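Open the model in your viewer and keep the selection tool at hand.

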Amino acid sequence: MNYDLSPEQLEIQQHIHEIAQREWSLDAEQWEKAGAIPHAVITQIAEMGFMGLVIPEEYGGNAYDTLSLILVIEEIAKVSASLAICVSVHNSVGAWPILAFGTEAQKKKYLPRMAEGMLGAFSLSEPDAGSDVAGLLCTARRDGDHYVLDGAKNWVTNGANAGIFTVYASTDRSKGSKGLTAFIVERDTPGLVLGKKEEKMGLWASDTLSLTLEGVRIPVENRLGEEGAGFKIAMAALDGGRIGVAAQALGVAGAAFDHAVRYSTVRKAFGKKLSEMQPIQWMIADMARRLEASRMLTHRAAWLRSTGQPCARESAMAKLHASEMATFVTHKAIQVHGGYGYVRDYKVERFYRDARVMEIYEGSSEIQRLVIARSLLRDGVAPF
Ligand SMILES: Cc1cc2nc3c(=O)[nH]c(=O)nc-3n(C[C@H](O)[C@H](O)[C@H](O)COP(=O)(O)OP(=O)(O)OC[C@H]3O[C@@H](n4cnc5c(N)ncnc54)[C@H](O)[C@@H]3O)c2cc1C
């Protein structure tokens, strides 16, 4: 078994690491205070090719394998979790479903623009249905060569600036999840009303919006996949999205870990460095162990996805483990910093707030456990 990254993957990792540290690490705090990522940064990222990570060259992207994609997400998350979720959502659950399930006309129309920086958003969750996807209330009624969408959506990451939204609505309520259908909705479509931006605990520079759909008329050619295929499309997209969340968690936790280790080697108490005290060493060891375990789960899930193998169970495991790891590691990073960890002058306070939601979005930890358990009970316990 070879755990090495390929020379190309190492090059990508080094490249994005240098850019993120040089170009964005000093500004990321300011973006949080301003509550937005500057448009120039999105343009810069697109010019570097990172808005077309999953998009093949023929549609203007650079078609990275999933492991390369998550290396990019992780390095960005080390400096800004807000920018990382923006890039992750855009690629994994914004562009990828169009690539995997779109018609040739849809791919030609939307993917080149997405690779150039037109942001994609994924709109599944609703005010009254998040985990319970089969309970979505948003409806799509066929009317000649259009569908008419009505309902309310919320928690739409990238919502404020997205050019297109993949909206999941029910075309047949009696069929539950099998009655869901996906639609590509352009930003300026009449009846699509952007709601308020949520004020969140963390990820302040990432915009999270509610949407209202008031008789939104969508041409049939903008239906993504067949009628009733929406649940399958959303779950397949989330298999990739969850690996992306795991990468976000690795990045934020990795940065928190670095800060904690560095602080422990300079701060003194009782006449010696914190790093010379065994309880602090144990914290460092536990943080590193969990980070490493999460990395292995995440890389394996990414490899499965890259090689076209089923990965729902493994991506759920990676997301579950890495997000809970990030909560733990950022918590301990604050502990190592003592009182200084609790104030905004030190970055670990932000890392802690940013990490927390990773246990919630793209399926909560409880839902990941359900996915894993159902898969094990259905397909058997041997994962290898
Ligand atoms: C910052 C942020 C960004 C987001 N971005 C997006 C986005 O871009 N697109 C999008 O569609 N959604 C997005 N979401 C929504 C997110 O995916 C949901 O919040 C999440 O799926 C949980 O749904 P919910 O909030 O409705 O909680 P609920 O489903 O109401 O769950 C509440 C609690 O009950 C638990 N629970 C629910 N059902 C079960 C069960 N069967 N067994 C055990 N426990 C259960 C949950 O785990 C959770 O702890 C975002 C959310 C946030 C906070």
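Contact here means heavy atoms within 4.5 Å. Helices (H or I, at least four residues) and strands (E, at least two) are DSSP runs, numbered from the N terminus. The model is predicted, so local features need pLDDT of at least 70 and side-chain atom pairs count only at pLDDT 80 or more, while totals for chains, interfaces and linings use all residues. Residues are numbered from 1 along each chain as its sequence is written, and side-chain values use heavy atoms, with hydrogens and water left out.

Select helix α3, residues 39–47. Its buried residues (under 20% relative accessible area, with exposed over 50% and partly exposed in between; 1.4 Å probe, protein chains only) are Val41, Ile42, Gln44, Ile45 and Ala46. Now show α1 (7–24), α2 (28–34), α4 (66–79), α5 (81–101) and α6 (104–115), which are included in what covers those buried residues. After α3 comes glycine 49, with a positive phi near 95°.

Next, turn to the rings. Rings of Phe, Tyr and Trp (its six-membered ring) pair if their centres lie within 6.5 Å; planes under 30 degrees apart count as stacked, over 60 as edge-to-face and the rest as tilted. The whole structure holds 5 aromatic pairs. Select phenylalanine 122 and tyrosine 168, an edge-to-face pair with centres 5.3 Å apart and planes at 65°. Finish at Tyr263, Tyr340 and Tyr346, a cluster linked by ring pairs.
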